[in-house]
Amino acid sequence: MTDPLLSSFASDEDAVAEQSVRPRRLAEFVGQHRVREQLDLLLQSALRRGSPPDHILLSGSPGLGKTTLAMIVAAELGAGLRLTSGPAIERAGDLAAVLTSLSRGDVLFIDEIHRMARPAEELLYSAMEDFRVDVVVGKGPGATAIPLDVEPFTLVGATTRSGLLTGPMRDRFGFVGQLDFYDADELDQVIVRSARILDVPITAEGSAEIGRRSRGTPRIANRLLRRVRDYAEVRGTGVVDLAAARAALAVYDVDELGLDKLDRAVLLALVRAGGGPVGLSTLAVAVGEQPDTVEEVCEPFLLRTGLLARTPRGRVATAGAWRHLGLPVPAGTVGGGNPAGGSTQMPDLFSLEP
Ligand SMILES: Nc1ncnc2c1ncn2[C@@H]1O[C@H](COP(=O)(O)OP(=O)(O)OP(=O)(O)O)[C@@H](O)[C@H]1O
Ligand SMILES: [Mg+2]
């Protein structure tokens with residue numbers, strides 16, 4: 001079985017490094033203050049009552065800490081943890097086997113829960129609500145449903161696309177935590193903490209620079225830290241300082257705002273189309289990626305920084321995007337009337353998101 005936790009890593013060495021810097025307890029988890037406080041209350045009260053807490057849904061862009069939080073939930077409860085993912089559960093029977101083997105109080109983590117097959121999802125409903133499942137044996141008129149008990153457990157579901165979850169699924173979670181992008185200060189803290197664990201010498205300017213350019217994402221912050229460390233060891237003084245950070249990030253095509261090649265390709269494609277609007281599938285073809293990747297990986301951050309806006313007719317490049325690419329802003333561009341100029345933070349654009 002492939003380990004869903006490892007599938008998204010570039011190399012084994014990186015995978016090991018990711019594991020070692022992963023926060024184990026809620027107190028070590030940086031940022032996300034609201035979600036952290038709410039989870040803390042949920043877990044503390046469950047511990048007092050001596051019964052498993054309500055089911056927990058975590059949603060947010062890749063690398064913001066969903067898997068980390070799921071593991072923390074189990075650790076804080078002192079509970080056993082079972083890991084699986086939506087795409088790995090092909091048949092309802094696969095899920096029934098997992099559910100009926102749970103011990104009392106276990107945490108079951110289902111990653112990418114929005115990609116679970118429908119029959120399995122229906123089986124999960126009854127397990128979540130009544131702690132029982134009906135396993136169908138046989139086919140046709142002779143088929144019988146055998147009810148099986150499931151020990152009380154806590155489901156932790158993770159999704160990058162909460163909009164794709166069905167209503168009944170969503171309703172069965174007693175707690176929904178929406179993870180947001182991190183600010184530069186929080187990423188700075190993540191980097192300082194990781195550098196300490198990995199024994200990487202780092203200066204305050206070095207970590208601040210990496211934090212500022214990590215796309216609001218702890219996983220990227222940790223990855224860039226390792227790449228800057230490589231650079232510092234091979235071409236620098238061995239210390240992750242401002243000079244090493246700047247030089248290394250240039251080598252890895254990470255720009256001033258932390259945009260990577262694909263982010264810039266998306267903005268360029270929009271600009272080449274006169275700024276848009278451009279439909280998602282056309283945009284995906286233009287940058288040679290799957291529409292899902294553009295929508296789940298690229299867009300949330302570009303929306304967040306106000307470089308891209310969604311309109312009913314498609315995606316558009318904002319004035320900030322034209323400026324970021326060093327191009328003159330055409331008249332009538334979204335955000336073009338902003339006399340402050342230069343600023344890429346345009347919170348008023350969030351309201352355009354459907
Ligand atoms: N709040 C945090 N504080 C410190 N480190 C964090 C935090 N959140 C995430 N990380 C680090 O970022 C890495 C990625 O986090 P995680 O695997 O939990 O993301 P994810 O949301 O599950 O992503 P995906 O959607 O790709 O599965 C972790 O290895 C962890 O080291
Ligand atoms: Mg994950």
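This is a predicted model: local features need pLDDT of at least 70, side-chain atom pairs count only at pLDDT 80 or more; totals for chains, interfaces and linings use all residues.
Local features require pLDDT of at least 70 and side-chain atom pairs count only at pLDDT 80 or more, whereas totals for chains, interfaces and linings use all residues. Residues are numbered from 1 along each chain as its sequence is written, chains are lettered from A and ligands numbered from 1 in the order in which they are written, and side-chain values use heavy atoms, with hydrogens and water left out.

**View 1. The shell around ligand 1.** Ligand 1 has 19 residues around it, and Glu18, Val30, Gly63, Lys66 and Thr68 come nearest (near: a heavy atom within 4 Å). The shell comprises 9 nonpolar, 6 polar and 4 charged residues, with Gly counted as polar. Helix H1 (12-21), helix H3 (66-77) and helix H9 (218-235) each contribute at least two of the shell residues; helices are DSSP runs of H or I, at least four residues in length, and strands are runs of E, at least two. Domain 1 (4-178) and domain 2 (184-251) each provide at least three residues of the shell, the domain bounds coming from an automatic or database assignment.

**View 2. Polar side chains at ligand 1.** The contacts shown are pairs of N or O atoms within 3.5 Å. An oxygen atom of ligand 1 lies 3.3 Å from a polar side-chain atom of arginine 22. The side chain of tyrosine 182 places an N or O atom 3.1 Å from a nitrogen atom of the ligand, and that of arginine 219 has one 2.8 Å from an oxygen atom of ligand 1. The protein buries 94% of the 630 Å² that ligand 1 exposes when taken alone, by the Shrake-Rupley method with a 1.4 Å probe.

View 3. Arginine 172 and glutamate 129 form a salt bridge, N to O 3.3 Å (a side-chain nitrogen of Lys or Arg within 4 Å of a carboxyl oxygen of Asp or Glu). Arginine 172 is in the loop between helix H6 (167-171) and strand E7 (175-178), and glutamate 129 is in helix H5 (residues 118-130), 43 residues apart. Arginine 172 is partly exposed at 22% relative accessibility, as is glutamate 129 at 49% (buried is under 20%, exposed over 50%, partly exposed in between; 1.4 Å probe, protein chains only).

**View 4. Further salt bridges.** The whole structure holds 24 salt bridges. Arginine 132 pairs with aspartate 134 at 2.9 Å, N to O. A network of salt bridges links Arg161, Asp292, Glu295, Glu296, Glu299, Arg310 and Arg315.

How values were computed: A polar contact is a pair of N or O atoms within 3.5 Å; within protein, one must be able to donate a hydrogen and the other to accept it, and residues adjacent in sequence count only if both atoms are side-chain atoms.
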